[in-house]
Amino acid sequence: NMNNLVKNLNRFRLITFDITDTLLHFKTHPAVQYARAAAVYGHPNVDQTRIAQNFSHIFREMAQKYPIFGYHHPQEIKGWHDWWRQLVIRVFEGSNIPPGDLEQIATRLIASFETNECWERFPAAKELIGDIKKAGKIVGVITNSDPRMRSVVKNLQLPEFHFITCSYDFGFQKPSREIFDGALRLAGVTAKDSLHIGNTPLLDYMGAQSAEWTSVLITNNCDSWKEYSKDIDPCKIFPTLREFHEALKDRDLKL
């Protein structure tokens, strides 16, 4: 019932989404893609388990040392592309792959993570965004990612957003208030007119709330928000995007 959805969203002028694990998710663990890319360049026997361990460890380390894909460290990191290049090369340490091949593997991976080779849509993502746009809302994205996310969204055939706010464009990342304020400026609205939808308690729900937005959490993992439970309204948690979409159409929500 579209009328009900319109009524539930009536007080909002702007609705933004997180992307990763909210609208889209990886088809397989990145380690699988890394192993495939290595095989293309003649290295079919890399240890995938080790790649997976390296990936999570090195990703965390680099995100801490050079946050926002090196945005604030132009001496050490020559742009977001170089941040990923350095990460890929380090992930393959110990695999005895020649440096020239590593460069090619990195280039290939950086390109394939823009496509449906690596990503897929969650059920209902397209329909939900479409309905919110039909309801006359400004619809945007707030994502802690590099500018490739613009291509990802196109390649995965999500409806067109009014704007996409990547942390790399702003030099701030969720849960910083600055990235939410940046989205408000792009939309020309105030925080009280705005709703953010995402899957992480801290970055999305609490980040939006601290910026004085309304927020909705999409997660079926109770453990993920237990430690924040005193700050999260259980009426604003939905297990999946589809269930949130159904609830907007069928129920009277207190958003």
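Q: In this predicted model, which residue stands opposite T16?
A: The residue opposite T16 is G140, which belongs to strand 4.

Q: What makes strand 1 and strand 4 a pair?
A: Two strands count as paired if there are at least two bridges between them, and strand 1 (residues 14–17) and strand 4 are joined over four bridges, in the parallel sense; therefore they meet the condition for a pair.

Q: How do you know that strand 4 also pairs with strand 5?
A: The requirement is again at least two bridges, and strand 4 and strand 5 (residues 163–166) share four in the parallel sense, so they too are a pair. Within this pairing, I142 has T165 of strand 5 as its bridge partner. Strand 4 and strand 5 also form, together with helix 8 (residues 148–155), a right-handed β-α-β unit.

Q: Why is strand 4 called mostly covered?
A: A residue is buried when its relative accessible area is under 20%, and five of the six residues in strand 4 (residues 138–143) are buried, which is why the strand is described as mostly covered.

Q: What makes F161 a contact partner of other residues, and which are they?
A: Contact means heavy atoms within 4.5 Å, and, leaving aside neighbours within four places in sequence, F161 is in contact with F17, L23, I129, V139, G140, V141 and V153. In the largest nonpolar core, which has 65 residues, F161 is also one of those that touch the most other members, along with F17, L23, Y34 and F92. Helix 5 (residues 80–91) gives the most to this core, with six residues.

Note on methods
Residues numbered from 1 in each chain as written. Predicted model: local features only at pLDDT ≥ 70, side-chain atom pairs only at ≥ 80, totals over all residues. Heavy atoms only, no water. Buried < 20%, exposed > 50% of the residue type's maximum accessible area, 1.4 Å probe, protein only. Helix = DSSP H or I, 4+ residues; strand = E, 2+ residues; numbered from the N terminus. Right-handed = clockwise from strand over helix to strand, strands pointing away. Core = buried A, V, L, I, M, F, W, Y, C linked by side-chain atoms within 4.5 Å.
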